[in-house]
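Trainee: I want to learn how to read salt bridges in a model. Please walk me through it.

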Amino acid sequence: MDAIMRERHSVRSFLSKSIPANDQATLQTAIAQINQESQLHFQLITDDPHAFEGLMAHYGQFDNVQNYIALIGPKGKDLDEKVGYYGEKLVLLATSLGLNTCWVAMTFKKGAVRKQCTLAKGEKLAAVIALGYGTHQGQAHRSKPLSDICDESPDTMPEWYRQGLEAALLAPTAMNQQKFFFTRQDQNVHVKATGGFYSQMDLGIVKYHFELGAGKDQFHWI
């Protein structure tokens, strides 16, 4: 999974190439499992060019987006963090299938997406994940040093913690802000958002990456 995290880069321009039925089925199965576990209502939409038409998509530099995952769930203060955590699971799964992705919170047509989806009463469309075959593979983003995201020296911290932090720095965040900070007491780990756009969604993404890097059996969230 470390290689998948390093391989994933945001891509906004896609080829006119459909996602094969077996890969769609793999994504649908994962989405169904996530929805059952989390009580979210994620939905895969394919061959729909309308969500990324117009000025907003042009502003976001999106081109030829025809497939996306609508990230929907019950309104509440924890929705964005849950969307980030479980959405990133799907991003890394899609990457393992050879697909390119991009988190999108603003520069898409919410009305067009809602027409393609089912929203129950009290649910909210929080964001989408654009996916497909990119015209390129994207570029690695610049990362902060470990000393900027925690209060320990890399020379003295446990190996599992260092690996978790390094994985967290590979997480996509809004405008590549990386506005999060980790603290630890023995095996008890806390991470907080330090501001910025969509910081709670970013926090969920970062938590999932940290778990993959550190190993869930090595620590407890507090």
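The dialogue below goes through the salt bridges pair by pair.

Mentor: First, the ground rules. This is a predicted model, where local features need pLDDT of at least 70, side-chain atom pairs count only at pLDDT 80 or more, and totals for chains, interfaces and linings use all residues. Residues are numbered from 1 along each chain as its sequence is written, and side-chain values use heavy atoms, with hydrogens and water left out.

Trainee: What counts as a salt bridge?

Mentor: Side chains of opposite charge can pair when their charged atoms come close. The criterion is a side-chain nitrogen of Lys or Arg within 4 Å of a carboxyl oxygen of Asp or Glu. The whole structure has 6 salt bridges.

Trainee: Which parts does the pair Glu81 and Lys207 tie together?

Mentor: Their salt bridge has an N to O distance of 2.9 Å. Glu81 sits in helix α4 (residues 79–96) and Lys207 in helix α7 (residues 199–214), so the pair links parts 126 residues apart in sequence. Helices are DSSP runs of H or I, at least four residues; strands are E runs of at least two; both are numbered from the N terminus.

Trainee: Is Lys207 buried or exposed?

Mentor: Buried means under 20% relative accessible area, exposed over 50%, partly exposed in between (1.4 Å probe, protein chains only). Lys207, at 18%, is buried. Glu81, at 24%, is partly exposed.

Trainee: How far apart are the closest N and O atoms of Arg184 and Glu152?

Mentor: They are 2.8 Å apart. Arg184 is in strand β5 (residues 180–185) and Glu152 in the loop between β4 (123–132) and α6 (159–168), so this pair ties parts 32 residues apart in sequence.
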